[in-house]
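I opened this entry to log what I looked up in the structure. The notes go from the whole chain to single places.

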Amino acid sequence: MKYVALMGTTAQHSYNRDLLQFMAHHFSHQATIEVNEITGIPLFNEPDQNDVPASVQQLNDRISQADGVIIGVPEYDHAIPAALKNVIEWLSYQLHPFANKPVMLVGTSLGIQGTCRAQGDLRRILNSPGVDAQVLPGNEYMLSYAGKAFDETGELTDGPSIKFLERCFANFEQFVKTMNGTPALNIDWQGSYDVIVLGFGGAGATAARFAADNGAHVLLVDAAPFGREGGNTRYSAQHVVTGESLDQLTAYYQALGAPFSTPVKTLNAYLSGMSQIPTYFEKYLGIKAVSWKHDIKPGDAVAIKKTMAEYPELAGSETIDFALVHKRDKDAALWKLLRKNVLDRADKIDVWLNSRAQHLIQDPNSKIIQGVQIKRGERLLNLHANHGVVLAMGGFENNAELTQTYLHSAHLTPLGTLYNRGDGVKMAQEVDAKMWHMTNYESHGILPGITFKEDANERGRQIEHWPLLKNGSIFVIADDGTRYFPEDAKHRHGHVYTHGSWLIPMKNQHPYLVFDQTQYEAFKAQEQRDGQLPYPKFMRKLITAPTIEKLAAKLDVPADNLQQTVADFNHYTEVGRDFAFGRDPQTMRQLDAGPYYAIAAANDVLNTQGGPQRNEHAQILNVNNDPIPHLFGAGELGGIVANCYQGGGNLAECLIFGKLAGENAARPKSDSESVDADEANGINDLVDGETAANVKLGADQYLGSSNAGLGGKVIVRVTYRDHKIQAVDVIQHHEREDVGLTAIKEIPQEIVAANSTSVDAVSGASASSRAIKEAVQDALQQVTNSVTN
């Protein structure tokens, strides 16, 4: 909303001016309030039609274009000042900007009630024919003893006065919407929290924790089921980048991002936090961070690095270090700590798993994010957020439409979570968020940019050290049967150095690793020596043919090209130089006479970086670079990486911006609206999952669960013996209504009596009844599986 605030006096000093300026600042996050002086307005003299003074015309235009007017009303001699009356006379003679315009009156008094008389006087004037203003009824804001009400900076200091002003202003906003015919947000809410965090990876866990620590009641939501939550943090190497010098970190990250730039304040918030990661570990995670640079010694489980920086040639790289939870990595140690922090705050954080956010709920007028629509089981639930929503939903690597649009690839095999499906991108776009870094992504795999091809909805393998893939009579071919990068290339998160830049090798529809019988025998020898290969499915996925021509036919690549590729490879080996790509000739061996082999590869993705842009406060920005009210972001969704990536940077970003997002989302806001809805509150799938995992099962006992309940998950323990259901115990449920509790009590008894789940539902509690029956069926399916196995 945009409002014109009109000063009711020409006095050089006025507490009404202080009040209007305070309002412009205090309500700036929800409305634009432009304070206008009335100095320079001449005395009204009933001029001819073409003689309206420019100052009057300008004020008329501003009021006409505003959604409403706020007038600061001083009192002189039991009435409004003559200067204010003069302005209204000008604006009701030939010009009529007040006609049907919503108006709010506020005022200050040196004593108790001076402005009261003036406001009453002004109401009568504004209601007169020719003026025809629509004055907000009631809500008479009158600040007494104004000389003591403001501090030296112009801030209003009395808490109750501020609260009353906020209530009056909220009523004025609603009045303006009604007068202007703007539709109000009308939502049937099923639950309400202070903060809703979407995404239970490292960023979401951190945001939820810090929101709770700042007094918020939090709902944490993730699309993954129990045991699969964690996002890419769960699968990462657990390295958190840090640095001893903020100046050097700044130089390094500016070089990493070049030729692109990152807003200075946002980058500084990131790097300042990065420089304090060891302190963060100790203060917030309760452990002393292990410095890879200083603490790792020969014989430790992680190897000594020559350089910590992924791009050691760049300025400032010497400051880079990694913080570890302990002297091991790739064991989810950091993720387990973050998850425990959430579990330890179960009294303040509810967790919904296997629940997929659908849309942000935004007020169409104020643009405030009021809540989230979430699909849980078969229900669509509207959850209100009093203070803020945090988007920490990860990237879009498992969304074919988005990878095609932004990464120019129909499919990239994920190396991390399967649940980063781009929901956060689409939800942010719906509320006009500004997107950045959409074409950026990181890779890894078995060789730069590729992994072994897997079935749909399966994670790819990341194997960093398998010498036989890049040493010997073996190479990688593209869709046309030719090589396209040096297989022995050192890579930086999938990027290889080519023509002056670090890029992920070009994407192909069906790349293959091709090798000969000699290489095959080397693989067989390794398998016999080690018991299995680093990729256990390697041997059974091989494609074989007696000749290169027949292998080309099986791979659907041009036979002439593949034959020429083999001839060139053998020639480069013979002359001791790879003229095509510069592979070290010591890693190359001529292919023998066959037979020949191939294994399908696929382009892979470790994580994407694109999403809604955020500022230094973790606020998500709209397309005009203004914060979207009550919306915050953290983690890979809208990550800070603009070009080259330093390992450990995303985990650092999860911790740093997760903390900022959680704290700022939890902060009470003057435009917050409380909602009385708690039907869906009190569900915690993380606690339920832990409970189920710790349930002791005796002989012939099985656990089953269902998400179909009115209150969420129902977990049962079924005792099944001698082809009969002996007992059904409800271990966990969230049914709250009396009729739902009746179902919890009666349905298990009826199932046991009937020895079947085909029993009638309790009247009025169909959802609760169905959930119990489904949970029992789930347990009985395990009985069937145990028999067939």
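**Whole chain**

I counted 21 helices and 32 strands in the protein chain. Helices (H or I, at least four residues) and strands (E, at least two) are DSSP runs, numbered from the N terminus. This is a predicted model, where local features need pLDDT of at least 70 and side-chain atom pairs count only at pLDDT 80 or more, while totals for chains, interfaces and linings use all residues. Residues are numbered from 1 along each chain as its sequence is written, and side-chain values use heavy atoms, with hydrogens and water left out.

I looked up the extent next. The C-alpha trace spans about 110 × 75 × 50 Å along its principal axes. Of the 789 residues, 54% count as buried (under 20% relative accessible area; exposed is over 50%, partly exposed in between; 1.4 Å probe, protein chains only). I then checked contacts, meaning heavy atoms within 4.5 Å. Among those with a separation of 6 or more, 74% join residues 24 or more positions apart.

**H1 against H5**

I turned to helix H1 (residues 15–26) and helix H5 (residues 159–179). They pack at an angle of about 70°, with axes 12 Å apart. Axes are lines fitted to C-alpha atoms, for helices over the stretch in contact, and angles run from 0 to 180 degrees between N-to-C directions. H1 and H5 are therefore roughly perpendicular (65 to 115 degrees). H1 brings Leu19, Phe22, Met23 and His26 to the contact, and H5 brings Ile162, Leu165, Glu166 and Phe169. By class I noted 6 nonpolar, 1 polar and 1 charged residues. Ala, Val, Leu, Ile, Met, Phe, Trp, Tyr, Cys and Pro count as nonpolar, Asp, Glu, Lys and Arg as charged, and the others, Gly among them, as polar.

**Second largest pocket**

I found about 770 Å³ of space in the second largest pocket. Its lining has 28 residues, and those closest to the centre are His29, Gln30, Pro627, Ile628 and Pro629. A pocket is an open set of points on a 1 Å grid over the protein atoms alone, where a 1.4 Å probe fits, with protein on both sides within 12 Å along at least five of seven lines; lining residues have an atom within 4 Å of a point. Strand E29 (residues 627–633) gives the largest share of the lining, 6 residues. The lining divides into 10 nonpolar, 13 polar and 5 charged.

**Glu75**

I located Glu75 in the loop between strand E3 (68–72) and helix H3 (82–90). Glu75 is partly exposed, at 26% relative accessible area. Beyond its neighbours within four places in sequence, Glu75 contacts Gly114, Thr115 and Ala118.

How values were computed. Grid points are joined across faces, edges and corners, and a volume is the space filled by probe spheres set on the points. Angles under 35 degrees count as roughly parallel, over 145 as roughly antiparallel, 65 to 115 as roughly perpendicular and the rest as oblique.
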